[in-house]
Structure formats: structure tokens, C-alpha cells
Amino acid sequence: MVPHLITALTGPINELEQRILESMPAVERWFRLEWMEHTPPFYCSVDIRNAGFKLAPVDTNLYPGGWNHLTEEMLPLAVQAAMAAVEKICPEAKNLLIVPENEKRSSSYLSNIAQLQRIFRMAGLNVRVGSIDPDIKKPTTIALPHDDPITLEPVVRSKRRLGLKNFDPCTILLNNDLTAGPPGILEDLHEQYLLPPLHAGWSVRRKSRHFQSYEDVAKRFGKMLGIDPWLVNPLFNRCGELEFGKEEGLECLRTNVDALMAKIRKKYKEYGINEKPFVIVKADYGSEGMGIMTVRDVKDLDQIRQRPKNKPPVVKGGKAITDVIIQEGVLTAERIHEAVAEPVVYTMDRYVVGGFYRVHADRGIDENLNAPGATFVPLAFAESTHLPQPAQKPGASAPNRFYMYGVIGRLAMLAASYELEATDPEAETYD
């Protein structure tokens with residue numbers, strides 16, 4: 001299904017699509033050269049917003065759930081990418097251990113784990129699911145509504161390795177974003193590959209660092225194509241060490257929101273955009289759409305002051321938000337059956353392997369869609385992300401739209417690789 005675009009302002013996006021399609025050999029060569037220098041994150045998902053005048057990522061998750069929303073048609077792409085990724089990291093791999101989130105037992109999340117298990121089995125590995133949850137003391141089989149049952153087994157830690165009873169994996173795949181910090185049981189595993197590495201978790205990672213890396217990538221990409229990088233890049237500011245109950249914390253927020261709004265207004269004026277600018281204030285760490293606020297006017301921040309002081313906004317696990325990123329809001333002009341929609345692109349190794357539309361009938365074009373009540377519409381990405389149709393008019397071809405999403409998804413993935421290199425505690429340094 002291809003959503004329709006509700007916007008009169010398709011001009012800049014059509015021009016961008018045309019430029020990217022005309023320059024496709026240069027675009028693909030640019031990515032190839034980048035991947036010769038940088039290691040892509042093992043897997044990720046990228047939330048993208050298409051405003052009709054701007055196409056940009058708004059979030060990049062390095063421990064993506066939601067693999068169960070990929071259709072059967074997408075699985076061959078994911079399996080091939082999994083084969084390439086494993087071959088590169090551990091060619092002799094035979095056993096793979098998946099470590100899921102502790103507190104998540106919903107059938108949707110476990111179906112996501114079952115889908116990952118299926119992908120890596122089809123890639124030729126023995127795959128089992130090992131839980132680090134102390135409540136899992138013996139193999140526990142859980143029935144799933146649309147899948148085969150899944151078995152969670154308690155992990156066994158030796159001095160240098162992690163595994164299960166009678167199962168010694170070469171590689172451990174984390175599907176746990178470590179918001180609460182890396183548990184000791186996952187540290188000092190020097191004999192096994194841990195994917196993604198511990199410093200990709202939210203105890204180290206910051207969205208502001210990711211979008212700083214993305215800004216660098218967008219500038220280089222824009223220079224190569226001869227386009228304004230703003231067309232693919234959301235502007236942002238950051239407020240650190242924020243205490244929501246204190247006036248000086250709110251003053252920092254007000255100042256940064258005001259400054260960012262001024263920059264966005266200037267860009268809207270430059271492109272003749274008549275929409276009302278807005279920003280998104282969200283935690284600089286953590287996922288799952290928690291603690292996100294749409295700010296259309298600085299006065300909107302007054303509602304933060306009205307929160308009870310003993311109830312600060314929190315991310316997953318109840319961790320209080322103290323650092324926020326203030327991000328340029330990107331409207332979504334896409335609709336499925338009149339409901340607001342946004343594409344989510346899934347990647348593995350350096351390949352786009354699929355995606356879906358997140359759809360929310362009760363949310364507006366300037367609001368976060370990753371919220372209770374969201375539904376998911378599969379995207380038939382199987383051919384179209386790699387096979388654009390240059391002869392088609394801009395904006396008229398679904399494959400071209402999907403190819404564009406794939407380009408933006410790969411730019412975000414490249415930014416994540418820059419970010420992980422910068423935060424790697426074991427990186428080699430050269431004088």
C-alpha cells in the first residue's frame with residue numbers, strides 16, 4: 001500500500017527526488033565508499049517524516065523491535081543481509097544467542113523475537129533465545145497468537161563467555177536497549193561477538209550526538225548532490241542537566257526552543273512554506289516514544305511548570321528525564337485511509353531490508369505517532385528500495401518514493417556508525 005501525500009508543497013521534495021534519481025550512480029558509489037571506511041551498525045530502524053517540502057529521519061533505533069511487522073516478501077532480503085553481516089563478523093559462526101528485553105512479555109514483542117530467530121535460522125545458524133531476566137530460572141515456553149511458541153531460557157555465564165545449558169554461541173545478538181545500563185552479566189565477554197556493542201545502549205548513547213553525526217553526513221551528502229542539506233536534516237538544540245521542577249532548567253529550555261524556532265522560520269521563509277513551525281522536546285536517551293512533547297509556541301512550555309514536582313517526566317524503566325533534545329518538528333503529509341502515517345525503514349548490515357508505515361488515527365500531523373493506538377501497515381519494499389524508475393515523473397512512482405526512504409534510512413545508519421566510532425571505549429587512537 002502506498003499512502004497518498006496531502007500537500008501542495010511537493011516542489012522541493014520532487015526536485016530532491018529528481019536530483020537523487022538522476023545522480024543514482026553517484027549516490028550508490030558515495031555509500032559504497034563510506035562503507036569501505038565505516039562499519040554499519042548491525043541492525044537499526046529509522047523513523048522518517050515526509051512533509052512534502054522536507055524528508056528527514058526523526059529517530060534511529062539501534063535495538064529495533066517490530067521485526068514481526070515485516071512481511072513474508074521481505075524475509076529473503078533480511079536473510080541475505082543477515083548472511084552478509086554474520087559472514088563479515090564471524091564466518092565460522094554456528095550458534096547465535098538472542099538476548100531480549102527483560103520486562104517485555106507482550107505477544108507483539110515476542111513475535112518480533114520469533115521473527116529475528118526465523119531470519120537467522122534461514123541464514124544458516126542454530127538460534128536460541130537466552131534471557132538475562134532473573135525471573136527466568138528454567139526454560140519457559142510462551143504461546144504466540146500468530147507464530148510458533150517461543151522458548152526463553154536462562155543464560156549461563158562462565159568467566160569469559162555467555163551461553164545456555166549445552167549451547168555455546170559464537171555471537172550474541174542484543175535486542176535490549178540497556179536503558180538502565182549494561183548488566184554485569186554482559187560485560188567482559190572478550191571471546192564472543194556482542195552485537196550491537198554495549199556502548200550502543202542508552203546508558204552511553206545520546207540522540208543529540210546521533211543527530212550531530214547525522215548533520216555532518218547530511219552536509220557531505222548535500223555537497224555531493226548540490227542540494228541544501230536542510231531538505232534531509234532536522235535542526236536541533238540540546239538542554240543538559242535539566243531539572244523540570246526548577247525555573248533555571250525551564251529557562252534553558254525556553255531559550256533553546258526560541259532560538260530553534262527562529263532558525264526554522266528563516267528556512268520556511270526561504271522556501272515559501274506557509275506552515276506553522278514547531279519543535280519536539282524529548283529525552284536525549286531512551287526509546288519507545290516516552291516523554292515526548294510537541295511545542296508550537298514557547299508558551300506551551302508553561303505546562304511543564306504545572307506538573308507535580310514529585311512526578312517528573314520519565315523514559316522506559318521509570319528513569320527521570322534530565323537531558324533533552326529539542327528537534328525541529330517535521331510534519332507528516334502522508335495518509336492511509338485519512339489517518340496520519342510515517343514510514344519506518346529497517347536495515348541490517350549496510351542494506352535496507354524492509355519497513356512499514358506507522359499509522360495513528362488519533363494523532364495530528366505534528367505529533368509523535370509512536371504511541372498507544374498506533375497500527376502498522378506493511379510496505380512492499382522487496383524490490384522498490386533498490387530498483388527506482390528514473391523515467392517516472394517525480395512524486396508519481398511508489399518505487400521512487402521507497403528508494404528515497406531507503407536513501408534517508410542509509411544516511412541515518414551511516415550517522416549511527418560515525419556515532420558508535422566516536423563513543424567506542426576500545427577505539428584505537430593514533431598520535
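Before we start, one term: a residue is buried when its relative accessible area is under 20%, exposed when that area is over 50%, and partly exposed in between, using a 1.4 Å probe and protein chains only. The model is predicted, so local features need pLDDT of at least 70 and side-chain atom pairs count only at pLDDT 80 or more, while totals for chains, interfaces and linings use all residues. Residues are numbered from 1 along each chain as its sequence is written, and side-chain values use heavy atoms, with hydrogens and water left out.

**Exercise 1. Decide whether aspartate 148 is buried or exposed.**

Start by finding it: aspartate 148 lies in strand S7, residues 147-154. Helices (H or I, at least four residues) and strands (E, at least two) are DSSP runs, numbered from the N terminus. Next, look at the accessibility: at 62%, aspartate 148 counts as exposed. For a bearing in space, take serine 111, which is 37 residues away in sequence and 8.9 Å away from aspartate 148, C-alpha to C-alpha.

**Exercise 2. Get an overview of the chain: how many helices and strands does it have?**

Count the elements, and you get 9 helices and 19 strands. Then check the burial: 56% of the 431 residues are buried. Finally, turn to contacts, where contact means heavy atoms within 4.5 Å. Taking contacts between residues at least 6 apart in sequence, 71% join residues at least 24 apart.

**Exercise 3. Describe how helix H2 packs against helix H5.**

Two packed helices are described by the angle between their axes and the distance between the axes. Axes are lines fitted to C-alpha atoms, for helices over the stretch in contact, and angles run from 0 to 180 degrees between N-to-C directions.

Step one: the axes of H2 (residues 24-37) and H5 (residues 207-225) come within 11 Å and cross at roughly 140°. Step two: that angle makes H2 oblique to H5. Angles under 35 degrees count as roughly parallel, over 145 as roughly antiparallel, 65 to 115 as roughly perpendicular and the rest as oblique.

Step three: the crossing of H2 and H5 is right-handed. A crossing is right-handed if the near helix is turned clockwise from the far one by less than a right angle, and left-handed if anticlockwise.

Step four: list who touches whom. H2 brings Ala26, Val27, Trp30 and Glu34, and H5 brings Val217, Arg220, Phe221, Met224 and Leu225. Sorted by class, this contact has 7 nonpolar, no polar and 2 charged residues. Here Ala, Val, Leu, Ile, Met, Phe, Trp, Tyr, Cys and Pro count as nonpolar, Asp, Glu, Lys and Arg as charged, and the others, Gly among them, as polar.

**Exercise 4. Zoom in on phenylalanine 221: which residues is it in contact with, leaving aside neighbours within four places in sequence?**

Phenylalanine 221 is found in helix H5. Its relative accessible area is 0%, so phenylalanine 221 is buried. The contacts of phenylalanine 221 are Ile20, Val27, Trp30, Val407 and Leu411. Pick valine 27 out of that list: valine 27 and phenylalanine 221 are 194 residues apart in sequence, yet 8.4 Å apart in space, C-alpha to C-alpha.

**Exercise 5. Find out which strands pair with S4.**

Two strands pair if DSSP finds at least two bridges between them. S4 (residues 95-100) is joined by 4 bridges to S5 (residues 126-131), and the two run parallel. In S5, arginine 128 is the bridge partner of leucine 97. S4 also has 5 bridges to S10 (residues 171-175), again running parallel, and there asparagine 175 partners proline 100.

What about burial? In S4, 6 of its 6 residues are buried. Asn95, Leu97 and Val99 are on one side and Leu96, Ile98 and Pro100 on the other, so both faces are covered.
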